[in-house]
Every structure is written in structure tokens, then in C-alpha cells.
Amino acid sequence: MSDLPPISADWNNLGDIPVRKSLVYDVNWLPEGQSHLVAIAPYGGPIAVTRSVSHLPKESSSKSREQTTVNIFSAGGTSIGVANWSSPSPIVCMGWDVKEEQLVVVGENARAIKYTINGTMLSTHNLNAHEKDERITECKYWHTSFKECGFAWKTSNVMFYSCKTIDMRIRPFHTFTDVVTAWTPLVVTLDNRQTATKIIVASQGKVFSVTTDDAVQLNLHSRVTSEPLNWVAMSVNVHSNRLAMVDGKGFLWMGTVDLNKCLCEFQMDGPDPILAMEWISPVAVAIVTPSYLFVKGPREHWLKDPLFQSCYLQPEIDGCRMLYNASYEFYEIVPEASKSVGAMGSLDPGAVLNDAYSEYQGGDGGKAHEYIRFIEEKNLLTDGISQCIKAASEMTDPVIQKQLMKAAHFGRSFLKDGIPPLIVDDTVYTIQALRILNEIRAPEVGMPLTIGQYNAQSPMKIISRLTKRELYPLSISICRFLKLSPEEGELRVLIEWAINKMKHSHDNPEAIAKAIIRRLNE
């Protein structure tokens, strides 16, 4: 048998649902004992960090606010740039434009500034919908699986507004005069494939859906209570179809955004303050309190880890990123192929094929052949090969990736009717994707995409993101590896390099021109 650790070594069980919490980078991120505002970009993007206003010394708070800086890092901890926030108003929220990978910082005075990934100021926006000044009391960043992102905020006169980062156009909501105890933005897809933002609001034990035109009360479906609850925290998932709510006594409700279907109701320990709450998947939610990280699934099962440091969450389309003071982790429900191949005692064809290859590696050809015959008799050898290939794409450890790809290749040698074209295509695509993913996941690059996120973007998008970080050699290397035409790949990277050189080089114009011409002619 192989000496490799089992695929399920870092799994936990949420009842019958396996979850995986993987250490992405071991980086000393944030000083202990300080409060921070943190914005983690989706799709393994950069991280913006600034000190929270609540941590600034009172005697110098005004001066400190005027000199606030936002540090920008790659996910691997490499400094990318610094954005200067010159407004005397404190920062209330930060978030990332997913399409352009630009940082947006929102101030209490309803001023928003866009920055490049390197911290260069791009534009300033006034988020006041009226001529009179309105102070932002609470602001929330959102992003969706359909690649839209933006902000929603509540003002001092209890008015709600939202904007998308792509245009920063203000969208006012229907006036809501009751006391608000919790709220969250919800982005829905309309019949014409356009999107619209709603605000889910909790007030006096009731829940409302607030649009630009009206506020409609939603009827809560609960199996355990008919009493109104004082909701204090809410969270909608990135697919905009799930809502989680916690009341002031620690009662958790999970269900659909229209409140018609309840997935789970659970009483947590005590009324601890909810610092953050995000969905890990459509069936599990993560909750951060001052003392623990709590993960709840759809049934009675849960996981609870003590917290001895700050924890910041950022939901992804296939999991949730978790940033601690000294580490960066990714929490996910184990994907189906990995579950089939890696679960202890699994008799799925991929698991048996992987065991067969491990026995072959260990020199026990008889047992390997016995395992292969077991799959062949059920006519599942092709399925086993596909499962190994798919599971390899879902792994982040290159050693396990190679093990599973070799197991798939081992299985191919027993196919009697030739290799199906789909197996050939999947093999080529997976090897290509893993080579790119392993390169960009390296700490010095710091773009820890999963295969699901890679598929949701594109190699061209990834090349564009690397180019913006001025990683030109790696960008060109990927262009050549993918055999992109010069116009699609290498030439575009070189044009971006030339533009950047002209903007930031201190050489004289003639020397810059010669350097650019020499590089383009190579």
C-alpha cells in the first residue's frame, strides 16, 4: 500500500456530511490585541486591512483618521500596495469589485473611493442620495455567484440604499420607519435576466422584504416556535437562495430567503454576540462569536472550535475563506468526487481503483488485479477513472493530485474497448488546470483558487489578474503553456507591461522607448 496520508485526513463530519478545513497559507497576518477592518476579495483575491476606528487612541483619533492607510496583500501575505484614505471621516466598510479587482472603501460621511489593486486612487463617489448630509451608520458588502458585487447601507435617518461596484449608482429603498434590529442585502435575478437588490429587515420580531417600492412582511415557517423573535444577525448566501438568522438568545434559524422552508432550527449556547455569519454551502453556515467558531448543518449535527484570535469570513461559490491572525484557511463541504474516492471504507469505483493502484505500487499485483476485477464485473471501470480524475482536480496537495491521476491512468490500461473521448478530454483539461492552479497557489503568487472557482472564471481572466499584479513572467508562461495566440495572450501581457513601465519608470522617455521596443522584438 502507498505511504500517502489518507485523502480524508483533514475531514470532519457534520453528521453524514463531510467537511474539509484546509490550511491555505501559514502567515502572521494581524497583530494580536488590535481591532481591524478586513476585506477579503472573492475568488482567492487580495486582502485589504486597516485598523478599526474603535481601536484608535481617543486623544489622536481625529489625526489618525486623516492619516488612515489601508494595506493591501495577496492571499499569501505579500504586500501589493497601500491605499491612503485622506478623509477625516472614519471607514465603515471595504469591499472588492470582482470584475476589475478594485478596492472600494466607504466612509461614514457617505464618501466612497475606488483604488487599484496597488492602492492608486481611481475615483471618488458621493453616496448621499439627497443634498442634505446623511451619515452612514451601517454598511455591508455583498457578492453573488453570478459575479455581481456591491454595497448596501443604512443611514442615520434609517433609510436604506445600495449600489453595485460596477457603476456606483445609488438605488434608494422604500422608507422603513420601524426600529431595525438586523438586516441583510439580497440580490435576486429577474425574468429579464437583470438583477435587483432587496433588503431583508428584522423589526419588532417580524421580518420584511424591502424593495424600492414597498416593504412586505414575510411569514416565518418555524417548527418549534410561533412567538416573535428578536433577530439580531442575518446572512444570505452567495447563491441568493438561503437565509440564516440568529436571535438575541442564540436561537438559529436556517432556511430559504422567502422564509417558507425551514432547513434547521437550533439553540446555540448562550446569547454570545455574533461577530460574523456566512454560509459555507447551501446546507451549512459558519458563525463567529468572541469565543468560538460554530458550524451548523441542516440536521442536529454541529461543529464547534474554540477561538483564541480574530476570525474574518468571506464566502465563496464553493466554500468560505477564513482569515485568522496567523493563518488563512478554506472551509468547504467535501465535493462529491473527493467524497467517493476518499471516504473511509468507500466501495465507489474511484475508491476501489485508487486502492488497486496503491496495492500495485506496493508490489501486490494480485490484490490490485482483484480490485480491478471487482470494478469490471460491475461495469464501473470508466466511472472509477472519471471519479479519480475529478477528485484529483479537487485536491490542493500536488502529491495526492499525482496519486489520483496515476490511479486513473492505471485504470485506463484495463479498458478493453479503447479510451472514451470524454476520459481523454477530462484528463487533458485536468492536467492543464492543475498545473496552472499549483503555480498560482504558491505563496509568492497568492491566488488560492479551487477548481470550482477556476472553472467559474477562465484562464484569460486569471492571466489578466496576474498581469494587474505585475507578475508578467508568470502571465506569459501561462499564455505559452495554453498555446494562446499572441493577440489573445502574450502580446496583451506585453502591452500592459509597456503601459505600466511608461507610467512608473523614472528613466528618460528615450530609454523607456528603447527598452519597450527591444522587449517587443524578442
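Buried means under 20% relative accessible area, exposed means over 50%, and partly exposed lies in between, using a 1.4 Å probe and protein chains only. By that scale, Asp 383 counts as partly exposed, at 39% relative accessibility.

This is a predicted model: local features need pLDDT of at least 70, side-chain atom pairs count only at pLDDT 80 or more, and totals for chains, interfaces and linings use all residues. Residues are numbered from 1 along each chain as its sequence is written, and side-chain values use heavy atoms, with hydrogens and water left out.

**Helices**

Helices (H or I, at least four residues) and strands (E, at least two) are DSSP runs, numbered from the N terminus. Asp 383 is found in helix H5, residues 381-393. In sequence, Asp 383 and Val 236 are 147 residues apart. In space, their C-alpha atoms are 36 Å apart.

Two packed helices are described by the angle between their axes and the distance between the axes. Axes are lines fitted to C-alpha atoms, for helices over the stretch in contact, and angles run from 0 to 180 degrees between N-to-C directions. Helix H6 (residues 398-412) packs with helix H7 (residues 421-441) at an angle of about 170 degrees. Their axes are 12 Å apart. H6 and H7 are therefore roughly antiparallel to each other. Angles under 35 degrees count as roughly parallel, over 145 as roughly antiparallel, 65 to 115 as roughly perpendicular and the rest as oblique.

Contact means heavy atoms within 4.5 Å. H6 brings Pro 398, Gln 401, Met 405 and Arg 412 to the contact. H7 brings Ile 423, Thr 427, Thr 430, Ile 431, Leu 434, Asn 438 and Arg 441. By class, the contact of H6 with H7 has 5 nonpolar, 4 polar and 2 charged residues. Here Ala, Val, Leu, Ile, Met, Phe, Trp, Tyr, Cys and Pro count as nonpolar, Asp, Glu, Lys and Arg as charged, and the others, Gly among them, as polar.

Just after H9, Glu 470 takes a positive phi of about 65 degrees.

**Strands and sheets**

Two strands pair if DSSP finds at least two bridges between them.

| Strand pair | Bridges | Facing residues |
|---|---|---|
| S4 (residues 47-51) and S5 (residues 68-73) | 3 bridges | Val 49 and Asn 71 |
| S11 and S12 (residues 149-155) | 7 bridges | Tyr 141 and Phe 151 |
| S15 and S16 (residues 195-203) | 8 bridges | Thr 184 and Ile 200 |

In S15 (residues 182-189), 7 of the 8 residues are buried, so the strand is largely enclosed by the rest of the structure.

Ser 209 lies in strand S17, residues 206-210. Ser 209 is buried, with a relative accessible area of 9%. Leaving aside neighbours within four places in sequence, its contacts include Lys 198, Ile 199 and Ile 200. Asp 214, Ala 215, Val 216 and Leu 218 are also among them.

Ser 327 sits in the loop between strand S28 (319-324) and strand S29 (328-333). Ser 327 is buried too, with a relative accessible area of 11%. Beyond its neighbours within four places in sequence, Ser 327 is in contact with Leu 23, Tyr 25, Val 27, Trp 29 and Met 322.

**Aromatic pairs**

Rings of Phe, Tyr and Trp (its six-membered ring) pair if their centres lie within 6.5 Å; planes under 30 degrees apart count as stacked, over 60 as edge-to-face and the rest as tilted. The count comes to 15 aromatic pairs. One of them, Phe 266 with Phe 294, is stacked, at 5.6 Å centre to centre and 25 degrees between the planes. This pair links distant parts of the chain, 28 residues apart: Phe 266 in strand S22 (residues 262-267) and Phe 294 in strand S25 (residues 292-296). Phe 266 counts as buried at 17% relative accessibility, and Phe 294 counts as buried at 3%. Ring pairs link Phe 266, Tyr 292, Phe 294 and Trp 302 into a cluster.
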